[in-house]
Amino acid sequence: MSLTNCRFYEEKFPEIDSYVMVNVKQIAEMGAYVKLLEYDNIDGMILLSELSRRRIRSIQKLIRIGRNEVVIVLRVDKEKGYIDLSKRRVSPEDVTKCEERYNKSKAVHSILRHVAEATQTPLETLYQKIAWPLDRKYGHSHDAFKRSITNPDAWNETEFPSEAVKKELTLYISKKLTPHPTKVRADIEVTCFGYDGIDAVKEALRTAEADNTEESQVKVKLVAPPLYVLTSQCLDKSTGIKMLEEAIQKIEANIKKSGGACITKMAPKAVTEHDDAALQELMEKRERENMQVSGDEDMSDSDEGVPE
């Protein structure tokens with residue numbers, strides 16, 4: 001058994017009508033020769049008639065050497081090793097599902113390959129003892145790996161080849177699969193020109209932070225009146241976006257009571273370190289401008305007594 005090579009799944013060949021990820025190796029008159037990436041690079045072929053529903057004018061526009069493609073399995077001859085595939089029968093929804101499964105399987109393969117090399121254990125042994133039983137129990141071993149980070153019960157019934165394998169696997173899973181918080185941000189302008197305008201704005205902004213808990217928090221930062229930034233950090237991006245959307249709704253409802261307005265300048269979205277740096281630069285620029293304005297006001301105050 002190889003230390004670093006093995007198929008992703010227990011079956012040596014894919015089932016008919018299943019979707020698989022392939023890499024295009026060669027284009028010929030009959031069609032495209034491919035390697036099945038999830039099945040240890042065994043050979044397959046997409047027949048010319050199965051490349052597209054439309055009339056084919058140029059194969060190169062439909063399929064390119066070196067590119068990964070999602071295809072459906074039409075026929076499997078296990079004795080001769082022939083696998084016929086189709087690209088034209090695959091829908092966009094099928095592509096999405098197959099890509100999701102492939103990415104999870106590739107992540108598991110990368111982790112097991114590392115453990116195989118670190119512990120000098122054949123890769124197929126790790127699949128037989130760990131990944132494939134977890135596939136049967138959880139639907140996909142990737143889900144079990146992620147669950148094991150916070151719940152060691154995921155390893156119940158798993159027979160590790162050695163204690164060294166168990167130690168290396170749990171350490172590497174924690175390093176690779178522990179989720180990192182996503183920062184979500186929204187930019188809003190809040191104004192109120194009524195008698196208690198400043199207090200009304202403050203009160204409205206406080207509603208965004210009113211329901212904060214240790215797990216979920218919304219923070220409000222002033223850039224320069226009337227521009228404010230709402231931020232939140234969550235493991236799940238969609239949860240963070242929803243939190244900020246609800247916070248904006250609360251601010252808007254509150255400020256309207258005082259005759260003010262809340263305008264969304266940038267809708268809630270996940271932001272990068274580059275976005276954060278740009279925001280910090282903007283805040284520092286506004287702060288410098290405010291200091292200059294303050295200096296001008298001091299000058300005019302000292303001139304108040306000068307007769308015209």
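Trainee: In which loop is proline 226 found?
Mentor: Good place to begin! Helices (H or I, at least four residues) and strands (E, at least two) are DSSP runs, numbered from the N terminus. This is a predicted model, where local features need pLDDT of at least 70, side-chain atom pairs count only at pLDDT 80 or more, and totals for chains, interfaces and linings use all residues. Residues are numbered from 1 along each chain as its sequence is written, and side-chain values use heavy atoms, with hydrogens and water left out. Proline 226 is found in the loop between strand S7 (219–224) and strand S8 (227–234).

Trainee: What kind of peptide bond joins proline 225 and proline 226?
Mentor: Most peptide bonds are trans. Here omega is about 5°. The bond between proline 225 and proline 226 is cis.

Trainee: Is glutamate 157 buried or exposed?
Mentor: Glutamate 157 lies in the loop between helix H4 (141–150) and helix H5 (163–177), and its phi is near 75°. Buried means under 20% relative accessible area, exposed over 50%, and partly exposed in between (1.4 Å probe, protein chains only). At 73% relative accessibility, glutamate 157 counts as exposed.

Trainee: What is the phi of asparagine 41 near?
Mentor: Look in the loop between strand S2 (31–36) and strand S3 (42–47), where asparagine 41 has its place. Asparagine 41 is partly exposed, at 40% relative accessible area. Most residues other than glycine have a negative phi. In asparagine 41 phi is positive, near 65°.
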